[in-house]
Amino acid sequence: MSKSNKTGKSFSTLNLILVIQLVIMLGLSIFITLTVSSKTRENAINHMNGITDERANIIKSYVENSERTLSYFSKSKQIVEMFLNPDDGNYKSAAQEYTLQFAKDIEHNEGLWSGTLKTEVMTHSSYDPTNPDTAGIIGMVTRKDDDKRQQLLDALEAAGPDGVYNTGIIISPASGKQCLSMYKGVYNDGKMVGFVGLGIYTEGLIDTLDKVPVPGIKNSFYTMVNVNTKKYIFNKDSDMIDQEIDNDELLDLCDKYKDEKGTVTDEYEYKKDGTTYVSIYTYIPEYGWILTIDDTPGEVFELQRTMIIYLGIFGLVVLGLIIVFNFISKKQEKINQKLVSTIAKANVTKKSLNTAMFKDVLTDVNNRISLTVDLQKAAEQKKTDPYYFVMFNICDFSGINSKYGTIAGDNLLARVGEVLKEHYEAENIYRTGSDEFVVKIPVVGGAPAKDEVMDRVNIAFRELQATIRIDQDTAIYPTFKVAVIKTKNNVDASVVSSMKDMTNKTGEATYGLIDFRDMT
């Protein structure tokens, strides 16, 4: 065979190899782009879900703290004795003085007061006998209409000795400002002898929400509506507060959830003034409120767009390299070496991307995407044995970040990851949320048994509660919500939601009394 024929065959083989390599690399780039784009979009939605849930919990905690404040006031000795001796001036004076002192510790207080069952004001935090504008408050009847008075009394009776009648966030008829309004019956020997009321301006709640940063979506804004009145409670446009909802999608959600008993978190898109918004919402059933956090798709999915651009550039670079290699390579051996080098680089890049997709960088454990993929693989393998799943959820993690800083919060997360890796296989540990970790425990041949699983969970839980010292005078005392589920072989990512519901119901975990549910 002549030298030219050999050379022709060499270039023909080389071209075929390059074409095959080009097709493989382009296909790989397209596949990685689509996969990362989808997972990045899902992570962005989950990120906003977590932020919305966090703010909903801030609102619930704010309201619950206000309710506890009113409950403490209703059970005070001075208030109860006044209602038992309504005609004794000494008891009334003591109760009024106590009301004034108690109110001083309530931030953003609109009014703290007590009244008889006929709604006659007995004490009031605004009362000043020297001020003509407030001197007439004591003795005033707030509900002269019999039907309205009876409605209040019926609501107080329904709430019972341990409950609070919360009328929600309203525009106060007294001050004309938005406030949280609530009432609590005063009981003696199981009988209601009077009631107390409290109004708190919502400016304190708004300040609290505004001080909590929204990482990654700095131009977002939140809205809260009442599903029963179909009016805005909070809105970025202050003129819309206490006005009827002008968003058709929000109106549909009000109709959808007005009878819902559980917390719901979801998303929708809408257009306003020609701009498209992504809205993540949480329904708070205790008060009939829907809280939304809205932002433009461009900001919400900015990371997704960046990843697409990066992978597109990567694909072009790979294509350019292959073309350059085709023109500058003259010898088969040299070309083969460059092809091997290119493939190796592509594999390293693929491995790095897989690590970024399936690992949590901070704690070096698997992430929620990894959990979903692992469960899908288990389902495809038709595994017949069940699984145990354990959730460890850090209580008030946002409060820890706010009080001690995000570095302390990151250290706490890293420590949780280390403790869990000491007790469980690393490949079975997942960080599924900003403050939650899930451990997957496969059952093989009936082992481990429930008692063994619960013993290990309690031991890990006890170590997780160890004090974390920040400096000589400051320390974090972490608490956790923990839930354990035993479930069938065909499982999916909804098991995380089931455990989250369990932890939300049981609250802070207690050693030896961790909640367990058998779903096999």
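**Entry 1: α12 and α13**

I started with helix α12 (residues 406-423) and helix α13 (residues 450-464), whose axes come within 10 Å and cross at roughly 150 degrees. Axes here are lines fitted to C-alpha atoms, for helices over the stretch in contact, and angles run from 0 to 180 degrees between N-to-C directions. Helices (H or I, at least four residues) and strands (E, at least two) are DSSP runs, numbered from the N terminus. I noted that α12 and α13 are therefore roughly antiparallel to each other. The cut-offs are under 35 degrees for roughly parallel, over 145 for roughly antiparallel, 65 to 115 for roughly perpendicular, and oblique for the rest. Their crossing is right-handed. A crossing is right-handed if the near helix is turned clockwise from the far one by less than a right angle, and left-handed if anticlockwise.

I then listed the contact, where contact means heavy atoms within 4.5 Å. From α12 it takes Arg-415, Val-416, Val-419, Leu-420, Glu-422 and His-423, and from α13 Arg-456, Ile-459, Ala-460, Glu-463 and Leu-464. By class I recorded six nonpolar, one polar and four charged residues. Ala, Val, Leu, Ile, Met, Phe, Trp, Tyr, Cys and Pro count as nonpolar, Asp, Glu, Lys and Arg as charged, and the others, Gly among them, as polar.

**Entry 2: what kind of model this is**

This is a predicted model, in which local features need pLDDT of at least 70, side-chain atom pairs count only at pLDDT 80 or more, and totals for chains, interfaces and linings use all residues. Residues are numbered from 1 along each chain as its sequence is written, and side-chain values use heavy atoms, with hydrogens and water left out.

I looked up the totals next. The protein has 14 helices and 19 strands. Of its 520 residues, 44% are buried. Buried means under 20% relative accessible area, exposed over 50%, and partly exposed in between (1.4 Å probe, protein chains only). Among contacts with a separation of 6 or more, 62% come from residues 24 or more positions apart.

**Entry 3: α2 and α3**

The axes of α2 (residues 77-84) and α3 (residues 89-104) come within 8 Å and cross at roughly 150 degrees. That makes α2 roughly antiparallel to α3. This crossing is left-handed. On the α2 side I found Gln-78, Ile-79, Glu-81 and Met-82 in the contact, and on the α3 side Tyr-91, Lys-92, Ala-94, Ala-95, Tyr-98 and Thr-99. These residues divide into six nonpolar, two polar and two charged.

**Entry 4: the two faces of α5**

In helix α5 (residues 203-211) I found Gly-204, Leu-205 and Leu-209 buried. Seen down the axis of α5, these buried residues fall within an arc of 135 degrees, so they line one face of the helix. The arc is that of the directions from the helix axis to the C-beta atoms. Asp-210 and Lys-211 are exposed, on the face of α5 turned away from its buried side.

**Entry 5: backbone exceptions**

Most residues other than glycine have a negative phi, and most peptide bonds are trans. I looked for exceptions.

- The peptide bond from Ala-447 to Pro-448 is cis, with omega near 0 degrees. Pro-448 sits in the loop between β15 (436-442) and α13.
- His-108 is not a glycine, yet its phi is positive, near 55 degrees. I placed His-108 in the loop between α3 and β1 (109-115). His-108 is partly exposed, at 26% relative accessibility.
- Thr-119 is not a glycine either, and its phi is positive at about 65 degrees. I found Thr-119 in the loop between β1 and β2 (121-124). Thr-119 is buried, with a relative accessible area of 0%.

**Entry 6: contacts across the sequence**

I checked Asn-393, in strand β13 (residues 387-394). Asn-393 is buried, at a relative accessible area of 7%. Leaving aside neighbours within four places in sequence, Asn-393 is in contact with Asp-435, Glu-436, Thr-479, Phe-480 and Lys-481.

Gly-139 lies in the loop between β2 and α4 (146-159) and is partly exposed, at 36% relative accessibility. With neighbours within four places left aside, Gly-139 is in contact with Glu-120 and Val-121.

Last, I looked up Met-357 in helix α9 (residues 332-358). Met-357 counts as buried, at 10% relative accessibility. Met-357 and Thr-35 are 322 residues apart in sequence and 9.3 Å apart in space, C-alpha to C-alpha.
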